[in-house]
Amino acid sequence: MHRFRSNPWPLSLFGVATMLLVAGAIAGFSIPRGEFTATAAPPTTRPVDGLRQHDPDVFALTDARIVVAPGRVIEQGTVVLRGDMIEAVGADIAIPPDARVIDLSGKTIYPGLIDAFSEVSIGDDEANRGAPHWNPHVVPQRRVAGRYQADKSLNEKLRSQGITLRLAAPSGGILKGTSAIVATGGDANDQAIVKADVAQHIRLTVSRGSREQYPNSPMGAVALARQTMYDADWFGDAWQAWKASSSASRPENNDALAALSQWRDGDGLVVIDAINELYALRADDFAREFKLNAVLRGSGNEYRRLDAIRATGRPVLVPVAFPKAPNVATPEAARQATLESLMHWELAPENPARLQAAGIRIAICTHGLADVGSFLKSVRQAVERGLSADDAGVFNANLAELYGIADRTGTVEAASSRTCS
């Protein structure tokens, strides 16, 4: 069934080829206005209850300003959507005779934003099922794609901030499991999950509520992670030896070690949490030891060790959860405000700009925000402190390439002109 409606909240034109946002204005990071939804029944293996619907699923969005890709803008053009694909984009293209025409004069079409990192709780059942690792903090076999459940309220807030896709990573653990790219629309999970198993996630410390058993310190967490990586190497070699020789002893089954095999020697993307600037350097050392294709999930403190973090050569997923002003309302309260807290309050909003100016590849994420509805407000604050708003599209396009979804999002282009990754 096709719908066309308009109200104060933005929703994307969701499709496999791309994620679009239609905005009343886009200056820097403006809040999108207007909702335009074009949906068609996607191919499905589910039996149809009643008659199948074959409504036209071709739309022509005309007379809009189109931000095709970073540095490529069509001041007045048309986007043709057929089903869940972009068929054509241009200033002078023929409108198909079967298309429903939607006049978007005065509007801007641009690729929906991608939230570079967010966390979801998916439970720890894998630590007790099958053939798990002996330590419950090691659960790389966990998959967000297998447990994801859309949060309608959260998705509405994300869409209000211009975010059409997000990386949903598992929370908890040291070797935490794999993330998924999910859409923020109202689709069922079979359509909302855009890509499964995007990256393996690692945290080289333990949370405060998880220190009743080994490991109960950052040093122990690093030791456990390193030993597990070496065990995964042994595990793969042991199974190969067993398959090659009937006289060898059959190795144990271990779901955790088997899951890690595809991330050995840089074969897959790994995101390592860096809870402060020193953990970022520790994460880089860990990644180099095991030849991991690693990205750093930043803390907002990177400006404190900018040169060292730049030297790692690794992309950084940068949060925009800036601290509140310290309480200095009374002399007593002011004495409790440390110089460090005052300096961080002052400098934290400059962190994205400083990373950008240093030539570090960055992407913006909502992680750490108490309310994702304040995302654009925080980004505007970062822009006021030096972040280039013109590079928003660059962040998006680079992130789409990093996460392996550049063939379907990140730019407003016809499906036939995209380069699959």
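Predicted model: local features only at pLDDT ≥ 70, side-chain atom pairs only at ≥ 80, totals over all residues.

Reply:

Helices here are DSSP runs of H or I with at least four residues, strands are E runs of at least two, and both are numbered from the N terminus.

Residues are numbered from 1 along each chain as its sequence is written, and side-chain values use heavy atoms, leaving out hydrogens and water.

Start with length. Helix α4 covers residues 218-244, and its 27 residues should span 39 Å at 1.5 Å a residue; the end C-alpha atoms are 39 Å apart, so the two agree. The expected span is 1.5 Å times one less than the number of residues.

Next, burial. Among the buried residues of α4 are G220, V222, L224, M229, F235 and W239. Buried means under 20% relative accessible area, exposed over 50%, and partly exposed in between (1.4 Å probe, protein chains only).

Now the core. The largest nonpolar core has 55 residues, and I202, I272, F286, L292, I360 and F375 touch the most other members. Helix α4 gives this core its largest share, 8 residues. Such a core is a set of buried Ala, Val, Leu, Ile, Met, Phe, Trp, Tyr and Cys residues joined through side-chain atoms within 4.5 Å.

Then the rings. A search of the whole structure finds 4 aromatic pairs. Rings of Phe, Tyr and Trp (its six-membered ring) pair if their centres lie within 6.5 Å; planes under 30 degrees apart are stacked, over 60 edge-to-face, the rest tilted. W239 and W242 make an edge-to-face pair, 5.3 Å centre to centre with 80° between the planes. Both sit in α4, 3 residues apart, about one turn of the helix. W239 has 15% relative accessibility, so W239 counts as buried. W242, at 29%, is partly exposed.

A second pair joins F286 and F290: tilted, 5.1 Å between centres and 55° between planes. Both F286 and F290 are buried.

Last, a charge. R250 lies over the face of W242, 5.9 Å from the ring centre. The rule asks for NZ of Lys or CZ of Arg within 6 Å of the ring centre and within 35 degrees of the ring normal.
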